Amino acid sequence: MTLRESPGSRPDGSRPDGTVTAAAGAAACGTDGRTVTGHPHRRRARRDRRARRDRRAGRAWAELLRLPALFSVPGDALAGTAAAGGSPGPRTLLAIGSSLCLYEAGMALNDWADRDVDAVERPHRPLPSGRIRPSAALTAACALTAAGLALAARAGRPALTVAAPLAATVWAYDLGLKHTPAGPVAMGAARGMDLLLGAAASTGRTSRALPSAALLGTHTVAVTTVSRQEAQGGSPLAPLAALATTALLTRLLTHRSAGPATGRSQTTGHGSTDPRPARNQPGPTDPRPARHQPRQASAELLTAACAAAYAATTARPYVHATLNPSPPLTQRAVGAGIRATIPLQAALTARSRGTAGALLIAALAPLGARFAKKVSVT
């Protein structure tokens with residue numbers, strides 16, 4: 001059996017009228033009939049190049065926004081809710097979302113404002129290296145700020161009343177106060193207000209959460225003071241002061257419980273104490289107070305454990321930075337101070353009898369440490 005040409009075709013597969021047979025077209029384009037430009041290997045190469053570009057862009061934004069530091073944010077709202085005597089709910093979630101947006105807005109704005117300084121001191125950062133345009137970083141900061149205020153508004157007027165000055169403090173810090181003596185205080189105030197945001201959103205009140213906000217803000221002031229010399233190194237006084245601050249806060253956390261009293265005695269009109277038990281209050285022979293004792297003991301034990309974790313996270317890096325305040329050791333101390341915010345929040349929450357919230361916050365610590373190995377938090 002021999003092969004025959006199609007009627008009217010030439011040996012090369014073309015017809016006298018200039019058309020080409022299907023077989024000839026397949027032979028010219030490839031054995032499978034695909035065109036050269038549509039070759040599967042080339043399409044796969046284009047997909048790989050696109051995927052690599054997307055990964056590089058995602059990495060750049062992760063560095064700009066310092067994504068691992070986000071694990072230190074939800075604890076603010078949960079600690080504020082517990083300190084105010086409330087329970088987490090949908091408004092607490094809105095407060096957490098608002099905090100995350102405002103925190104990331106500050107990160108993007110920080111690099112936009114420091115892009116000229118980073119070009120000299122840290123040229124590998126996303127903006128001076130050209131991986132992200134400055135206009136894109138500024139646009140992200142504006143959009144995240146608007147989103148944070150919108151979420152706070154959804155949580156209620158008390159939450160927006162706290163979120164608005166919080167956003168103003170973040171912008172004032174990044175655009176003017178950062179390199180002034182008021183910089184650490186402004187950053188500490190912002191962190192304290194973030195805790196109050198959770199209290200305002202969940203309960204509508206902030207007064208009872210002020211002591212917890214003060215403790216968290218004091219820790220932030222210490223860490224921010226150390227961070228001011230992370231690029232060039234400096235005096236050992238800043239990490240030494242931060243170490244002393246950590247010891248003081250640990251002592252305050254474990255010294256006195258902030259939980260509400262389980263029962264109150266009645267007073268007469270003249271201010272004298274009535275020894276008789278009030279109505280619906282447990283009496284001397286009522287076994288109900290015993291139920292609160294194990295719960296109180298577990299809360300105190302959890303508070304002590306979280307406070308110990310807080311001190312352990314910062315102690316060694318602060319000591320190393322005190323003995324040798326070089327840029328690498330100072331940056332390591334700053335990173336430890338940021339990560340220590342999580343066990344501090346857990347201790348504040350447990351101190352206010354928020355056991356479940358404290359456990360949830362504590363679970364964020366290993367996640368933050370794991371992702372910090374891939375993307376720096378400083």
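Residues are numbered from 1 along each chain as its sequence is written, and side-chain values use heavy atoms, with hydrogens and water left out. Because the model is predicted, local features need pLDDT of at least 70 and side-chain atom pairs count only at pLDDT 80 or more, while totals for chains, interfaces and linings use all residues.

**Stop 1: the largest pocket**

Select N110, Y173, K178, M187 and S227; of the 43 residues that line the largest pocket, these are the closest to its centre. A pocket is an open set of points on a 1 Å grid over the protein atoms alone, with protein on both sides within 12 Å along at least five of seven lines, and lining residues have an atom within 4 Å of a point. The largest pocket holds about 1000 Å³ of space, a volume being the space filled by probe spheres set on the points, which are joined across faces, edges and corners.

Next, display α4 (90–113), which gives the most to this lining, with six residues. Helices here are DSSP runs (H or I, at least four residues), numbered from the N terminus. The lining of the largest pocket comprises 15 nonpolar, 16 polar and twelve charged residues. In this scheme Ala, Val, Leu, Ile, Met, Phe, Trp, Tyr, Cys and Pro count as nonpolar, Asp, Glu, Lys and Arg as charged, and the others, Gly among them, as polar.

**Stop 2: α4 against α8**

To see the contact (heavy atoms within 4.5 Å), select R91, T92, A95, S98, S99 and Y103 in α4 with R191, D194, L197, G198, A201 and S202 in α8.

**Stop 3: α9 against α10**

The contact of α9 with α10 has nine nonpolar, four polar and no charged residues.

**Stop 4: the largest cavity**

Finally, select P68, A69, F71, S72, I338, R339, I342, G368 and V377, which line the largest cavity. A cavity is a set of points where a 1.4 Å probe fits but cannot get out. About 40 Å³ of space lies in the largest cavity, and α12 gives the most to its lining, with three residues.

How values were computed:
Helices (H or I, at least four residues) and strands (E, at least two) are DSSP runs, numbered from the N terminus.
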